[in-house]
Amino acid sequence: VTVAHKTSEQSDPSTVIEWKRGDRVLVVANPATRGRVDDIEDALARALPRGVLLDVRLTTGPGEARVIALDAAPGARLLVAVGGDGTVADVATAAMEYQLPLGIVPIGSTNIISRELGIPSRADAAARVLFGAHRVRQLDAGVCNGRTFLHMAGAGFDSRFFALTNPRWKRQVGWPAYLPAAARALRLPAAVARIQVDDQTLEMVSPLVLVANGMSIIHPRLRVHNAFRPDDGWIDLMAVTATSPLAIARTLGRLAVTQLHRSPYVVHMRAKNVTLETDPVLPIQLDGDVVSETPATFEVRPGAMRIVVPLPGHSP
């Protein structure tokens, strides 16, 4: 594909989108997630500036959001992802490729990306952010085996329970659907992990290896590390070394009180590039979707994403 040339607006992280007649908004919506796509399309149409065109494309299967967005993005003024974190990450691939701003209407089971950015969960309010009072925030993006992630990648406990979660329950009840799968994943054995972090090599037995751009998992209150930032030009490696039931319980207790970084069973390093090999092979989740497996490479693309977020202190 041909990458669009940068404009002065695209290089400014706090730009407001100035709409012009004939601008096209590409909306890629996942109808399999929670929420009625027809209602969301109506909310977007009501908020749309006069003369701006709404181009809505629906996905029909996993991973299709990425293909649709890459195919239809040329000529668009804004890309909008309607769905969960996985859909957002897929559409973000096209936004990064064509250097276009990304908007989010969150209707997934967890919506960690939008929650950390302060994007409203109601479709009408999210639409007012996109076409009303907003700013375009410049953030880092992660890339794993050629796939984009914005918030967090993981191999081990988290990728196993994401893989085990019933998708129908996710649509019906949201993040509590992960709990039965998490209980099953906790009983699976840890893996031997060999990790290359820039110029350092680590080897350990670990039930969980995270490569993070955001702070929390599943719910914003479950913060992995308060110092993680999506706009600092780094990705953060966090590997858990707890393997006994007691050590795992203590580690989970630290997570519950947002003190995981103080656990003696956690290794934390900042990085530009990470390579992960495991025995046995583990699934890898990117922003909640299992889309790859080990071995894997991770890298950060500093400031590669431009995401439409609410103005500070403004209630849409």
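Two residues are in contact here when heavy atoms of theirs lie within 4.5 Å. With that in hand, here are some notes to read beside the structure, which is a predicted model.

1. **The chain as a whole.** Take the contacts between residues at least 6 apart in sequence: 74% of them join residues at least 24 apart. The protein chain contains nine helices and 18 strands. Of its 316 residues, 52% are buried.

2. **Helix H3, end to end.**

3. Is H3 largely enclosed or largely open? Buried means under 20% relative accessible area, and twelve of the 13 residues of H3 are buried, so the helix is largely enclosed by the rest of the structure. Among the buried residues are Asp 85 and Asp 90, along with Gly 86, Val 88, Ala 92 and Met 96. After H3 comes Gln 99, which has a positive phi, near 55°.

4. **Thr 59, a residue in a loop.** Where does Thr 59 sit? You will find Thr 59 in the loop that runs between strand S2 (53–58) and helix H2 (64–72). Thr 59 has a relative accessible area of 6%; because buried means under 20%, Thr 59 counts as buried.

5. **The partners of Thr 59.** Setting aside neighbours within four places in sequence, Thr 59 is in contact with Val 28, Ala 29, Asn 30 and Pro 31, and also with Glu 64, Ala 65 and Ile 68. With Asn 30 there is a polar contact as well, side chain to side chain, at 3.4 Å.

6. **The second largest pocket.** This pocket holds about 250 Å³ of space. Its lining is made of 20 residues, and those nearest the centre are Ile 113, Glu 116, Leu 117, Gly 214 and Pro 230.

7. Which element gives the most to the lining? The answer is H4, with five residues. Helix H4 (112–117) is one of the elements that supply at least two lining residues each, together with strands S5 (134–144), S12 (219–223) and S18 (296–310). Sorted by class, the lining of the second largest pocket has eleven nonpolar, six charged and three polar residues.

Key. Residues are numbered from 1 along each chain as its sequence is written. This is a predicted model: local features need pLDDT of at least 70, side-chain atom pairs count only at pLDDT 80 or more; totals for chains, interfaces and linings use all residues. Side-chain values use heavy atoms; hydrogens and water are left out. Helices (H or I, at least four residues) and strands (E, at least two) are DSSP runs, numbered from the N terminus. Buried means under 20% relative accessible area, exposed over 50%, partly exposed in between (1.4 Å probe, protein chains only). A polar contact is a pair of N or O atoms within 3.5 Å; within protein, one must be able to donate a hydrogen and the other to accept it, and residues adjacent in sequence count only if both atoms are side-chain atoms. On a 1 Å grid over the protein atoms alone, a cavity is a set of points where a 1.4 Å probe fits but cannot get out, and a pocket is an open set with protein on both sides within 12 Å along at least five of seven lines; lining residues have an atom within 4 Å of a point. Grid points are joined across faces, edges and corners, and a volume is the space filled by probe spheres set on the points. Ala, Val, Leu, Ile, Met, Phe, Trp, Tyr, Cys and Pro count as nonpolar, Asp, Glu, Lys and Arg as charged, and the others, Gly among them, as polar.
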